[in-house]
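Me: I'm new to this one and would like to talk it through. Could you show me what we have?

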Amino acid sequence: MATMRFPSARRTSTGNTTPYDVGLPVLRLVLGVIMAVHGTQKLFRWFDGPGPGPTGRFFEKAGYPAGETMAVIAGLTETLGGLGLVLGLLTPLSAAAIVGVMINAVTVKWTGSVIGQEGVEFESLIIAAAVTLALTGPGRFALDRFLPVLRDHRAVYGVLALALAVVLAACVLLVRD
C-alpha cells in the first residue's frame, strides 16, 4: 500500500515570485489584522471594544466558566494568531489558533441560520481563510522563510496544526455548561 506524501511548497523558496507569493500575504494581512483588532478589543478595549470585564460576562452567559479568564485567553489567541499571520510567523499554528477560536464562536452563535444577523457566514469565512493559510503556507514574503523547519512549507504541518486546533477547541467546548 502506497503512503500519501505531501510535497513541499518549493514554489515559495526558490526562483521567481509567483502569484502565490503575492496573493497569500494579502490574505494573511487582511485576516491577521481583523483578528488582531478583535483580540485587542477584548484585551485592551481598543477600537471601541468592551474589554475583558464585559467580554467575560458574555462568555459566562454563553456557558463558559471563569468568563474573564476565557475572554483573556480568546483575546490573546486572536491577537497573537492575527499578528503571527500578518508577519507570516509560525503560520500553521497562527492560522490554527484562529480556527480554534472561530470553532467556539460558531458554536456559541449558531442558531441554525447561516446568513444574516444570526448567521455564521463571517465566522465560516474566517475559518476557511485560516484553513487555507494553514494548508498552503504563508508564501515567500514571510518570517517563516527564516525558520529552517518552516522554510519549505509542507501541507502536513497545516494538517497537524489544524488537528491540534480542533482538539483544543473541543476541549474548551467540553467545559461549557
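Reply: Helix H2 (residues 52-61) packs against H3 at an angle of about 110°, their axes lying 7 Å apart. Helices here are DSSP runs of H or I with at least four residues, numbered from the N terminus. Axes are lines fitted to C-alpha atoms over the stretch in contact, and angles run from 0 to 180 degrees between N-to-C directions. By the way, this is a predicted model, where local features need pLDDT of at least 70, side-chain atom pairs count only at pLDDT 80 or more, and totals for chains, interfaces and linings use all residues. Residues are numbered from 1 along each chain as its sequence is written, and side-chain values use heavy atoms, with hydrogens and water left out.

Me: Why is H2 called roughly perpendicular to H3?

Reply: Angles of 65 to 115 degrees count as roughly perpendicular, under 35 as roughly parallel, over 145 as roughly antiparallel and the rest as oblique. The angle is about 110°, so H2 is roughly perpendicular to H3.

Me: What makes the contact between them?

Reply: Contact means heavy atoms within 4.5 Å. On the H2 side there are Pro52, Gly53, Thr55, Gly56, Phe59 and Glu60, and on the H3 side Gly67, Glu68, Met70, Ala71, Val72 and Ala74. They sort into six nonpolar, four polar and two charged residues. Ala, Val, Leu, Ile, Met, Phe, Trp, Tyr, Cys and Pro count as nonpolar, Asp, Glu, Lys and Arg as charged, and the others, Gly among them, as polar.

Me: What kind of crossing does H3 make with H4?

Reply: A left-handed one: the near helix is turned anticlockwise from the far one by less than a right angle, while clockwise would be right-handed. H3 (residues 67-87) and H4 (residues 91-109) pack at about 145°, their axes 8 Å apart.

Me: Which residues lie closest to the centre of the largest pocket?

Reply: Phe59, Ala74, Glu78, Val101 and Asn104, out of 34 lining residues. H4 gives the most to that lining, with ten residues. By class, the lining has 23 nonpolar, seven polar and four charged residues.

Notes. Helices (H or I, at least four residues) and strands (E, at least two) are DSSP runs, numbered from the N terminus. On a 1 Å grid over the protein atoms alone, a cavity is a set of points where a 1.4 Å probe fits but cannot get out, and a pocket is an open set with protein on both sides within 12 Å along at least five of seven lines; lining residues have an atom within 4 Å of a point.
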